[in-house]
Amino acid sequence: MNYLKELNAFYDQQETNPLSGSAIAIWHALMHICNKAGWPKNFSVAVSVVCIKAGVKERSFYNARNELKQKGYIDFSSRRGNQAAVYVLYTRAVTYAHSFADSNAESTAGNLGGNVSPLIKHKQTIQNETSINCFQFFEKNGFGMLSPFISDSMNSWLTNTSFEEPEEVVIEAMKIALLQNVRNWKYVSRILQDWETKRLFTLDAIQAEQDKRNKRVTPFPKQSKGGVSRDTSKRSSAAGDKGYDFGF
């Protein structure tokens, strides 16, 4: 990468597709770290280090990092335990040059009556791929048609959240709803809210919580010698205790 070209391309794109202040600060911090390491293809760095260099709080960091990923500036993969995430920075200079070439080609095609096609085709952005995957899962698994309200709500969970892997987490919540034979977005949202309240921000943390939940077995009431339950009301309650435990 050429640091100066990347900076110029980055700020050129801010004029048409601006990022939040926190996302800009984190992008600069990651660029600095990558440059200092000699521009490796991928690198790992602790959240605390990035927050200090960028001057942002940890909660703002996760939202801004997801914004950068969804808009195609970076990619990252979380790792188990206390290991730092691995990051990949995507060059903006090449992307911006391609975008500029596409724009000129489309303009030329329009002037020539549409006989000239663009030489360079855009790939779908990471944000679109994320949205399509999540929305398709919703529609293909019997949750119904996506209304504008549900679409906005789902997109909010993908962009304004503390989850490190928002798309995977939203899909995981829908899978749990399916296992409970509940196919509505309100139920999925309550699961997501429960995880966020409990600060389960990674798939590993969510899976660990699910494993604990699955180990909880409600014992049946003791039976008398004749095989009749001593407390049929409690047994009935235990047998009917199904669904996701929201903790309240």
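**A residue and its helix**

Author: The residue to begin with is Glu 67, which is found in helix H4; everything said about it here is computed from a predicted model. Glu 67 has a relative accessibility of 16% and therefore counts as buried, since the cut-off for that word is under 20% relative accessible area. If its neighbours within four places in sequence are set aside, the residues in contact with Glu 67 are Leu 19, Ser 20 and Ala 23.

The helix that holds this residue, H4, runs over residues 58–70, and its 13 residues should span 18 Å at 1.5 Å a residue, which agrees with the 19 Å that lie between its end C-alpha atoms. Just after H4, the chain comes to Gly 72, where phi is positive, at about 85°.

Two packed helices are described by the angle between their axes and the distance between the axes. For H2 and H4, the axes come within 8 Å and cross at roughly 80°, which makes H2 roughly perpendicular to H4. On the side of H2 the contact is made by Ser 22, Ala 23, Ile 26 and Trp 27, and on the side of H4 by Ser 60, Phe 61, Ala 64, Arg 65, Glu 67 and Leu 68. By class, the residues of this contact divide into 6 nonpolar, 2 polar and 2 charged. The spacing of such residues can be read with a general rule in mind: an α-helix has 3.6 residues a turn, so residues three or four places apart point the same way.

Another pair of helices can be set beside this one, namely H8 (residues 166–179) and H10 (residues 203–215), which pack at an angle of about 20° with their axes 10 Å apart. H8 and H10 are therefore roughly parallel to each other, and their crossing is right-handed. Here Glu 168, Val 169, Glu 172 and Ile 176 in H8 meet Leu 203, Ile 206, Gln 207 and Gln 210 in H10, a contact of 4 nonpolar, 2 polar and 2 charged residues.

As for the setting of these helices, the protein contains 11 helices and 3 strands, and buried residues such as Glu 67 make up 35% of its 248 residues. Among contacts in the protein with a separation of 6 or more, 58% are between residues 24 or more positions apart.

Conventions:
Residues are numbered from 1 along each chain as its sequence is written. This is a predicted model: local features need pLDDT of at least 70, side-chain atom pairs count only at pLDDT 80 or more; totals for chains, interfaces and linings use all residues. Side-chain values use heavy atoms; hydrogens and water are left out. Axes are lines fitted to C-alpha atoms, for helices over the stretch in contact, and angles run from 0 to 180 degrees between N-to-C directions. Helices (H or I, at least four residues) and strands (E, at least two) are DSSP runs, numbered from the N terminus. Angles under 35 degrees count as roughly parallel, over 145 as roughly antiparallel, 65 to 115 as roughly perpendicular and the rest as oblique. A crossing is left-handed if the near helix is turned anticlockwise from the far one by less than a right angle, and right-handed if clockwise. Contact means heavy atoms within 4.5 Å. Ala, Val, Leu, Ile, Met, Phe, Trp, Tyr, Cys and Pro count as nonpolar, Asp, Glu, Lys and Arg as charged, and the others, Gly among them, as polar. The expected span of a helix is 1.5 Å times one less than its number of residues. Buried means under 20% relative accessible area, exposed over 50%, partly exposed in between (1.4 Å probe, protein chains only).
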